[in-house]
Amino acid sequence: MKAILVKQPGGPEQLALGNYEQPLPEPHQLLVKVHATALNRADTLQRQGKYPPPKGASPLLGLEIAGEVAEAGINCTRFKKGDKVFGLLPGGGYAEYAVIDEAMAMPMPANLSMEEAAAIPEVFLTAWQALVWLGKLGSGERALIHAGASGVGTAAIQLARALKAEVLVTASQQKLQACLDLGAQKAIDYKKASFNDEVLAYTNNEGVDVIVDFIAGPYFNQNLDCLRLDGRLVILASLGGGKVSEVDLRKILTKRLQVMGSTLRSRTKDYQVKLTEDMSRFALPLFKEGKLKPVIDSVYSWEEAAEAHRYMEQNKNIGKIVLRVS
């Protein structure tokens, strides 16, 4: 089969279309003819040699797919050949064919295109994990979502609003309106001022209940300032650096704060299956009704994977970057 290969660890120029052995589905797996996949930060890090795939996973890039079942393993009962599915993978999405555990596959809503379906799994599952499983966000609470125009950010805005929470975001100035259009009630230009001052001013010094953060080090103290009593901070990445020079731990004690970190790719299959099932129950009906939507910045042909990676690394995108597999 054809697949996007990494010639050697390095920049986007190391990506090239080549030949790779087609995977064979195990009894509990589906073989999917891939129509679309999408980019994630993990792809760019793996391409650079900084994020190896989990043990047993395909060495090919690609953490999510949308496509058509080409073959169902002998123990599969939910899907059959010809069914349209989408879902999360530990790797292997940048290819003509990929295997996915049947329990991880979701039925594709008829109102979505393949490109739209491919833009859902990683970001909506990550956002659901952060907001619901870890952050315990409830109706009437407030959430602060950093990088609000990113793939996970655009998913988190919509999920938080669907959970009837109030949403504040940070983003660069040119991306603020996109966040407001998705349902955020307050959008803060993180380059213009200290976001904690704006959050506290907007909330009459009450703060927020849950923060979803990808920046880590440079935001840590401001995040603590923004959290109200019993607040929860969920850190999903450390794009700004992983160290903090000085922290007043008394803020965590006196406000009874919870600070959590998580990744999704390294979680057990059982965890990912349960997360998929939980998110699907809530979100799939809303996708079918058009109340939730994948936000796509751009669609590239998979022959243009290198250019798509360059674009992602420029941080210009609002929402997902999708590869159409021909």
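A residue counts as buried when its relative accessible area is under 20%, as exposed when that area is over 50%, and as partly exposed in between, judged with a 1.4 Å probe and protein chains only. The structure above is a predicted model, in which local features need pLDDT of at least 70 and side-chain atom pairs count only at pLDDT 80 or more, while totals for chains, interfaces and linings use all residues. Residues are numbered from 1 along each chain as its sequence is written, and side-chain values use heavy atoms, with hydrogens and water left out.

Salt bridges are the first topic. Side chains of opposite charge can pair when their charged atoms come close. Here a salt bridge is a side-chain nitrogen of Lys or Arg within 4 Å of a carboxyl oxygen of Asp or Glu. The whole structure contains 18 salt bridges.

One of them joins Arg-47 to Glu-313, with 2.8 Å between the closest N and O atoms. Arg-47 belongs to helix 1 (residues 41-47) and Glu-313 to helix 10 (residues 305-313), so this pair ties together parts that are 266 residues apart in sequence. Helices (H or I, at least four residues) and strands (E, at least two) are DSSP runs, numbered from the N terminus. Arg-47 is buried, at 2% relative accessibility, whereas Glu-313 is partly exposed, at 31%.

Glu-115 and Arg-324 also form a salt bridge, at 2.8 Å from N to O. This pair links distant parts of the chain, since Glu-115 lies in helix 2 (residues 114-118) and Arg-324 in strand 15 (residues 320-324), 209 residues apart. Glu-115 is buried, with a relative accessible area of 16%, and Arg-324 is partly exposed, at 41%.

A further salt bridge connects Arg-228 with Glu-206, at 3.3 Å from N to O. Arg-228 is in strand 12, and Glu-206 is in the loop between helix 6 (195-202) and strand 11 (208-213), 22 residues apart. Arg-228 is partly exposed at 25% relative accessibility, and Glu-206 is partly exposed at 39%. Both residues belong to a network of salt bridges that also includes Arg-142, Glu-166 and Asp-209.

The surface also carries a nonpolar patch, formed by Val-244, Val-247 and Leu-249, with about 220 Å² of accessible area together. Patches are made of residues with over 30% relative accessible area and no salt bridge; like charges are joined within 9 Å, and nonpolar side chains (Val, Leu, Ile, Met, Phe, Trp, Tyr) within 5 Å. Accessible areas come from the Shrake-Rupley method with a 1.4 Å probe, and for residues only the protein chains shown count as cover. Val-244 sits in the loop between strand 12 (227-235) and helix 8 (250-254), and Val-244 is partly exposed, at 33% relative accessible area.
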